[in-house]
Amino acid sequence: MSRRGLPLGVLLAVVGGGACYDLDPFLYSRTRVDHYTLPAQGDTPEETVAPERIEPVELVVDGQVRLGAAYVKAAQQPPRAYVLYFHGICCNLDVHLARPKGLANLGYDVLVFDYRGWGTSTDVEPTEPGLLEDSRAALAWLSARTGLPANRLVYYGRSFGSAVATQLAVDSPPAALLLESPFSSVQGLVRDSSNMDLPAAFLAEGSWDTEGRVRALQGVPLLLLHGTADDFVRPEFSERLYSVAHEPKQLVWVEGADHDNVPQRLGVEYARTLGNFLASTRSRP
């Protein structure tokens, strides 16, 4: 997700006066493009990399679905860790490169990919099972590239991507799971989110039950990052996920951060928080 109003299709459904409303256009607010620019220049030096450190990638899911992706390399090699990054609901890959580039500048190699229907990926309707297949394909590519199994890779999900990352974590447990500004479930959004004003009769094909999946996930270290001023996906969602998660787990409140600027508000503490957390996971027996 990004901090934004409801898409036009959802608003039209609301004012149409029907008994039930489809939430899927909101969850999957995607933009199609025929190519990526993959900008190396970011808004800040922390989000800027040399162009040669961004490698365009195409992922093949099942022989029919193809996904646009990019591999962003750390300046230092070998990297501190390898990260599979899951982006939010809106737009396409070009818009979501800032976090991967920032992570690469902290010493991590990062694979970021567009889900089916986003960007240059095959234009088929996204579904919860479909995005699991997409995630498996991204994991397979990263495992082949690094020679490492899932349990030695890191998953990082932001906003809606936190739900996709957690779904894969249950399917193929990683070395660590990092969730930035997550929500608990579709029903949690309908009941609790403060800035979307969703009617109680909203329906969605997928449940995206991150809370249930976190509860079931054992043996995977979990780091939650959430801004205290996030009025789009409220910080109480992370508090709820933390309450059901198994150890080892850590919840970091980012004072004054909204839905979009957690790393910026953390400043140098962002690198330290990630580094210390991942170092602690490597030291586990």
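Why does histidine 226 count as buried?

A: Histidine 226 counts as buried because its relative accessibility is 0%. Buried means under 20% relative accessible area, exposed over 50% and partly exposed in between, with a 1.4 Å probe and protein chains only.

This is a predicted model: local features need pLDDT of at least 70, side-chain atom pairs count only at pLDDT 80 or more, and totals for chains, interfaces and linings use all residues. Residues are numbered from 1 along each chain as its sequence is written, and side-chain values use heavy atoms, with hydrogens and water left out.

Histidine 226 lies in strand S9. Strands (E, at least two residues) and helices (H or I, at least four) are DSSP runs, numbered from the N terminus. Leaving aside neighbours within four places in sequence, the contacts of histidine 226 include Ser181, Pro182, Arg234 and Trp253. Contact means heavy atoms within 4.5 Å.

Two polar partners stand out for a closer look. The side chain of histidine 226 makes a polar contact with the side chain of serine 238, at 2.6 Å. A polar atom of the histidine 226 side chain also lies 2.7 Å from the backbone oxygen of valine 233. A polar contact is a pair of N or O atoms within 3.5 Å; within protein, one must be able to donate a hydrogen and the other to accept it, and residues adjacent in sequence count only if both atoms are side-chain atoms. Valine 262 is 36 residues from histidine 226 in sequence, yet 7.0 Å away in space, C-alpha to C-alpha.

S9 (residues 222-227) pairs with S7 in the parallel sense over four bridges. Two strands pair if DSSP finds at least two bridges between them. Leucine 224 in S9 stands opposite leucine 179. Five of the five residues of S7 (176-180) are buried. Ala176, Leu178 and Glu180 lie on one side, Leu177 and Leu179 on the other. In a regular strand the side chains alternate between the two faces of the sheet.

S7 also runs parallel to S6 (residues 154-158), joined by five bridges. Tyrosine 155 stands opposite leucine 177 there.

S2 pairs with S3 (residues 66-72) in the antiparallel sense, over seven bridges. Valine 57 has alanine 69 in S3 as its bridge partner.
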